[in-house]
Amino acid sequence: MMFKFKHEALETNTGLLLVATMMAISIGGLVEIAPLFLIEDTTEKVEGVRPYTPLEQMGRDIYIREGCYTCHSQMVRPFRDEQLRYGHYSLAVESKYDHPFQWGSKRTGPDLARLGGKYSNEWHVQHLIAPRSVVPESVMPNYPWLMENRLDYADIGQRMRALRAVGVPYSINEEEYARNVKDFGPEMAAQLHIPNARESLLAQVRAGNYDGDPSFVSEMDALVAYLQVLGTMVDFSKIKPETLVKFR
Amino acid sequence: MAEVQEIPKGPQTTGHVWDGDLQEYNNPLPQWWIYGFYVTILFALVYWVVYPSWPIGQGFLTGVNTITYTNSQGQEETWHWNTRAKLLREMQEAAVQQRPWYERISQMPPEQIVKDPELMGFVRSAGRALFTDNCAGCHQAGGSGKIGHYPNLTDDDWIYGGTFDQIRETIMQGRNGYMPPFAEALSRAQIDALAHYVLSMSGEPHDPAQATEGKALFHSHTAACYYCHGADGKGRQDIGSANLTDRIWLWADVPGAPDLPAKVAQVRQVILGGVNRGNMPSWEGRLSPEQIKVLTVYVHQLGGGQ
C-alpha cells in the first residue's frame, strides 16, 4: 500500500473514529437494504401464494418457539442435488408473508421448504413425539408436550393484527375482506378475516383432525397443519421454468 | 508524563501512560493478514462486476456472463448468467445423459426391465436413492415397514396387490385403507369371539368355542366382516382390506404379543377402533412418471412382487 495508515490515528481521535464507524455501518446497511428497493423485480409473479390461516399461523409460531429452525432450513437452493432431493427450488414469493422468514442456513435435519404432503398427519404426530420410533438413526429431540399442551389461541386476533401491520393482507373490515375474496377466493378470505379468526381456527381443526385426537385442540394440531402447508401453495406444473430464470 | 521504566523486550507500547504506570501494548496485525484483507475487498469488487449483484437504477448489474438453455418451446434462449438458469441447463444436460436410460425405461414394460441386468443396475441405484429420500421415513430404510403403522414391502403379502400395475397405482394415487370402528355396533363378548376367529384363520392359538361363535358372526349381517374381508377372509385388494388368513399382520401386532390374551387384545383393539390411519401419500406430481416407474420396479424387487 502506498500510504501509511496507523490505527493509532483512529483510536486517538474521537471525531475520526465516529465518522469511520458510521461509514462502515452504512456500507453494511446499504448492501443489505438497497436490494429491498428492487423487490418488485425479484419477487416472481406467480399465483397461489396466500397468507397462513389462523391455525397454520399458530403452528408457525410454535415452530419458532420450539426452535425447529436451529436444525431445519426452509429454502431449497437452485442446485441440482437439492432439487432432486427436496423438489422445486424455493421462490422469493413463497416467503412473501413470512415474518420472520425461516430460510436459515443450518441443516442438521433436512430442508422443510417442500414438506407439505410428503408425509401423513399420523407420521408427523408420531415423529414429533418420538422421532426415533420412525427414523431409528434420528438425532431430532422428542416433543411430546405438543400433544399434551392445549393450544392457547386466545390472542390469535392480535397476532394477525400485528402481521397485518407489517403488510400481511389479513382483513379487518368489509372492504379488505372484499379484496381478499377477489385475491384468494371466498373460502380462504373467510379464514383470513380477523374478526372470525377463532371460529375459523376451530373449524380447521375439526375438519383436519391433524393430531388424530378430536377431544381437544392441541399445539400438535397447529404445528402439523403448518407443516402440511409448507411449499404447497404454488403449482409448479403450471409454470414454465424459463420464466423463473428472468427474475434473477 | 511520569518517568516509566521501558519494557526491555517484547511488544511496543502506544506511548501513553496512565496513572503513572499503566501502558498499552501496540500489537499491529501481521502484514500478511492486512494485505489478505485488502485482497478480499478487491475480490468483492471483481465479483460484483462478473456476477449479477449490485442494484442500479431500475435493475441491477447483471454480470458479464451469459448462459444458454432450452425453453419449454424447445428453443434456445440466452439470458445473463444466474443460478436458476445454470440449474435449468444442468438439468437439461443431465436429462440428456440419462435419456438413454430413461427412454428405455419409459418405453419398456416393467416385466422386461427386470430381465435386463444393465437396466436393473440403474433401477437399483436410482431406486434406492429415491426410496431413501421419499419412502424410508415410513417404510424404513430397507422397506421392512413398522408393524402397527407402515406395511412391510419386502414380504410377498400385498394389501393392495403386488403386480407392477397395482404397485404403480399405489404409489401414484396414495392409499387410505378404512375399516369402521365396531366399539358401538358390537358387544365386547362378540368382539372377543371375532378376535378368536380371526386368530384361528391364520393358525394362531385360539379358543375353539369362541372361534366358532366368531365365525358365525363374521359371516352374519350383524358384523358383516365378510363384506370387506371376503367370505374366505383373504381380503380384497381393491379396497385394501387385509388378508386375515396369512401370518403377516399390519395393524394387530400378533407376532409381538407373548401369549393368547395379549394376542386377543391386539386383534380386539383393531376391531374396536377400526383402522383409519393407514395413509399412504400420493406421489403423482411430486415425482415424475419415470421416477415412479423406477420406484415401482424397485419396490417390486424388494419383496415378492407378483
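The model is predicted, so local features need pLDDT of at least 70 and side-chain atom pairs count only at pLDDT 80 or more, while totals for chains, interfaces and linings use all residues. Residues are numbered from 1 along each chain as its sequence is written, chains are lettered from A and ligands numbered from 1 in the order in which they are written, and side-chain values use heavy atoms, with hydrogens and water left out.

**The interface**

Select chain A and chain B together. Here 44 residues of chain A are in contact with 41 residues of chain B, contact being heavy atoms within 4.5 Å. About 3600 Å² is buried between the two chains, 56% of it from carbon and sulfur atoms; buried area is the accessible area (1.4 Å probe) that two parts lose on being put together, summed over both.

Next, select A:R85 and B:D133, whose side chains meet in a salt bridge of 3.8 Å, N to O. A salt bridge is a side-chain nitrogen of Lys or Arg within 4 Å of a carboxyl oxygen of Asp or Glu. Across this interface the rule finds 3 salt bridges.

Then colour helix 1 (7-11), helix 2 (14-33), helix 5 (80-86), helix 6 and helix 13 (241-245) of chain A, each of which supplies at least two residues of the side that touches chain B. Helices are DSSP runs (H or I, at least four residues), numbered from the N terminus. Helix 5 of chain A gives the most to that side, with 5 residues.

**Salt bridges within chain A**

Select A:E82 and A:R77, which meet in a salt bridge at 2.6 Å, N to O. A:E82 is buried, at 5% relative accessibility, whereas A:R77 is partly exposed at 38%. Buried means under 20% relative accessible area, exposed over 50%, and partly exposed in between (1.4 Å probe, protein chains only).

Move to A:K238 and A:D235, a salt bridge with its closest N and O atoms 3.4 Å apart. A:K238 counts as exposed, at 69% relative accessibility, and A:D235 as partly exposed, at 34%.

**A buried histidine**

Finally, select A:H124 in helix 6 (residues 121-129) of chain A. Is this residue buried or exposed? A:H124 is buried, with a relative accessible area of 3%. Leaving aside neighbours within four places in sequence, A:H124 is in contact with A:L115, A:Y119, A:V224, A:L227 and A:Q228.
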